[in-house]
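Dear colleague,

Please find below the sequence and structure that I am handing over to you. My findings follow directly after them.

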Amino acid sequence: MSAAAPAVVRPLHPQPLEEKPLQGLFLEHRLDRRAAGGAPFIYTNFLASLDGRIAVEGADTGRLGVPRAIANDDDWRLFQELAAQAEVVAVSGQFLRPGADKPLAERVPLDARHPDLAPWRQAAGLSPQPALLVVSGRLDLDFDAIAAFDRPLYIATGDAAAGPARARAEQAGAEVWTCGAGARVDGGQLRAALGRGGFGSVYVVAGPQVLHTLMVADALDRLYLTQAHCLLGGRNYQALVEGDGLPSGACFELAELYYQAPRGQGLGQQFAVFDRRRAA
Ligand SMILES: NC(=O)c1ccc[n+]([C@@H]2O[C@H](COP(=O)([O-])OP(=O)(O)OC[C@H]3O[C@@H](n4cnc5c(N)ncnc54)[C@H](OP(=O)(O)O)[C@@H]3O)[C@@H](O)[C@H]2O)c1
């Protein structure tokens, strides 16, 4: 297959089927319509290597980031499709530290490389771009970037968040929510605040600490996991979840699984959709 041919995937579960286009695969999920009983539908997405790395140290930067060896356009397309269905996208405080090389609006979805997604949102009755939610205890944030941002921006923090930083965030135009005692955000309180805010679909694009925060509170509904078919190794890396052991029963059920064969010089990968399995 030529690398320029439209990307296809082979559905493996729940039923093995013929190949189908990758584009549109996750738009079919209509995550914007899944909220129920005043609670938002909260979903997240990770790209991992076979040895479970979601972030490795960049040889040139020395900083942890998405492994370049596995980042690819097809996974990014699906990432954007998930963002297209979100009323709000959640990032971590780490994402909004001062010193980023690009304006905030260019660092969060939707990007301009997928022009079909803006009309899709419009037809779905969603705002042109999702709002942004920042989860941070320290509030060591880029307040200038917040002030320059052209969409609604919310910050979830604990009740011990430093007063001056909180005031600066509000002056920059953010709405600050207290969602926990001390420095940490509680996932249950965060979910409740999102519900009170009227958000129906929440796409979490933060990393292992925010996922732990959600899992401890049983506040995650769906996990999208792309697994690229390669090992990365390395000593300084991050995996999906970081924090104390999770209570037994933090389990998921495989809802869908797709296989993508290697394209051109690229890697093979699989796209899995896991729904949170809760006790009846
Ligand atoms: N491969 C992938 O799919 C994927 C996906 C996501 C991220 N990543 C990568 O993983 C690495 C880590 O990402 P990340 O730093 O965004 O992940 P993270 O571990 O979820 O976020 C860490 C930061 O989030 C805030 N935070 C998390 N839980 C909190 C809580 N309960 N209460 C208060 N604040 C909380 C803290 O911010 P403050 O310090 O401001 O308090 C903390 O420093 C990055 O290199 C990123 O690129 C990869």
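**Aromatic residues and a helix pair**

F41 has a relative accessible area of 9%, and because values under 20% count as buried, F41 is buried. Please note that the model is a predicted one. Y43 is likewise classed as buried, its relative accessibility being 0%.

These two residues also meet through their side chains. Ten aromatic pairs were counted, taking ring centres within 6.5 Å as the criterion. In the pair formed by F41 and Y43, the ring centres are 6.2 Å apart and the planes stand at 35 degrees, so this pair is tilted. Both residues belong to a cluster linked by ring pairs, which consists of F26, F41, Y43, W76, F79, Y203 and Y224.

Helix α1 spans residues 73–84 and helix α3 spans residues 117–124. Their axes come within 10 Å of each other and cross at roughly 25 degrees. Since angles under 35 degrees count as roughly parallel, α1 and α3 are therefore roughly parallel to each other. The crossing of α1 and α3 is right-handed. On the α1 side, the contact is made by R77, Q80, E81, A83 and A84, while α3 contributes L117, W120 and R121. By class, the residues in the contact of α1 with α3 comprise four nonpolar, one polar and three charged.

Yours sincerely

Conventions:
Residues numbered from 1 in each chain as written. Predicted model: local features only at pLDDT ≥ 70, side-chain atom pairs only at ≥ 80, totals over all residues. Heavy atoms only, no water. Axes fitted to C-alpha atoms, helices over the stretch in contact; angles between N-to-C directions. Helix = DSSP H or I, 4+ residues; strand = E, 2+ residues; numbered from the N terminus. Parallel < 35°, antiparallel > 145°, perpendicular 65-115°, else oblique. Left-handed = near helix turned anticlockwise from the far one by under 90°. Contact = heavy atoms within 4.5 Å. Nonpolar A, V, L, I, M, F, W, Y, C, P; charged D, E, K, R; others polar. Phe/Tyr/Trp six-rings, centres within 6.5 Å; stacked < 30°, edge-to-face > 60°. Buried < 20%, exposed > 50% of the residue type's maximum accessible area, 1.4 Å probe, protein only.
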